[in-house]
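Subject: Structure handover

Dear colleague,

I am passing on the structure we spoke about, and I would be glad if you could read the notes below with the coordinates open beside them.

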Amino acid sequence: MTADTSAGTTTDPTTGTTTDTTTDTAVDTAVDVIDTLAGIRPGSRLDLLRDRRPDAREHAQRAYEALFAPDSEQEVTLVERVALAAFVAGLHQDPAVARHYADRLAEHAPDLRTTIEREIEASRTVGPYGVYDEPALAQESLIGPAYRAGRRAALDERLAAALDHAHLLVFRPRESSRDALKRLLDAGWTTTGVVTISQLVAFLTFQIRVVAGLRLLGADR
C-alpha cells in the first residue's frame with residue numbers, strides 16, 4: 001500500500017482503492033460557537049446586535065477554528081489543545097463553556113476527560129494573585145497557591161507543564177516570567193508550541209468573557 005502524504009490518503013496498488021487517513025479535526029464552520037455558548041437565536045435581538053460588528057464576529061469565529069481545527073498538529077496536537085481548553089474553561093467555572101470543551105475532549109480522548117476534571121477540582125481557586133514590583137502597588141500584592149499538575153502521574157510531562165502554565169496565566173498573570181516559559185521548553189514544548197498554548201489560554205479568556213457579557217445583555221430586557 002502506498003501513501004499520498006500530501007493528500008492524507010493511502011492507495012492500494014492492487015485494487016486502486018483510496019482511503020482517507022487524515023485526522024478529523026474539523027469544526028462546524030456554519031455554527032458560530034459564541035452564539036451557541038451564549039444561547040443566541042438567529043434573528044434575536046442579540047443576533048442583530050452582533051451583526052452590527054460583523055468583523056469582530058467573524059474574527060472570533062476564525063480564531064476558534066484556527067485553534068481547534070488546526071492545519072497542522074506538529075507543534076500542539078488537537079488532544080492537547082482541547083485538554084488545555086477544557087481545563088481553562090473549568091477554572092473559569094462557566095458551565096456552558098466548560099461543558100462544550102469537556103465534550104470535545106471526550107470525543108477525542110475520553111479517558112483524559114476524567115483526569116482533566118480531577119485537575120480542575122484540585123486546582124480551582126479565586127484570583128488573580130501576584131506580587132507587584134512597584135512600591136506604590138506593593139500593598140495590593142496577594143500571594144496565591146502555585147499549582148503543579150506535574151505531581152500527578154496520569155499526565156505526561158508536556159501536558160502537565162501546559163496546565164501549570166495555563167493556571168499561572170489565569171490566576172497569577174503578574175508572575176509570568178522567563179523562568180515560567182523555560183519550564184515549558186524543558187518539558188518538550190517548542191517556542192512555537194509555547195506561543196500557541198499561550199494564545200489558546202488568551203482566546204479562552206476572551207471567549208468566556210464575551211459569552212458572559214452577551215448573556216447579561218440577553219437577560220437585561
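Helices, in what follows, are DSSP runs of H or I with at least four residues, and strands are runs of E with at least two, both numbered from the N terminus. On that basis the protein has nine helices and three strands, and their order along the sequence is β-β-β-α-α-α-α-α-α-α-α-α. Please keep in mind throughout that this is a predicted model.

Among the contacts in the protein with a separation of 6 or more, 64% are between residues 24 or more positions apart.

I then turned to the aromatic rings, for which the rule is that two ring centres must lie within 6.5 Å of each other; by this rule there are four aromatic pairs. One of them joins F68 and Y101, and because their planes stand at 45°, with the ring centres 5.3 Å apart, the pair is classed as tilted. Since F68 belongs to helix 3 (residues 54-68) and Y101 to helix 5 (residues 95-108), this pair ties together parts that are 33 residues apart in sequence. As for solvent, F68 counts as buried at 0% relative accessibility, and Y101 is likewise buried, with a relative accessible area of 0%. F68 and Y101 also belong, together with Y64, to one aromatic cluster.

Another pair, that of F203 and F206, has ring centres 6.1 Å apart and planes at 45°, so this pair too is tilted. Here both residues lie in helix 9 (residues 191-219), where they are three residues apart, or about one turn of the helix.

Conventions: Residues are numbered from 1 along each chain as its sequence is written. This is a predicted model: local features need pLDDT of at least 70, side-chain atom pairs count only at pLDDT 80 or more; totals for chains, interfaces and linings use all residues. Side-chain values use heavy atoms; hydrogens and water are left out. Rings of Phe, Tyr and Trp (its six-membered ring) pair if their centres lie within 6.5 Å; planes under 30 degrees apart count as stacked, over 60 as edge-to-face and the rest as tilted. Buried means under 20% relative accessible area, exposed over 50%, partly exposed in between (1.4 Å probe, protein chains only). Contact means heavy atoms within 4.5 Å.
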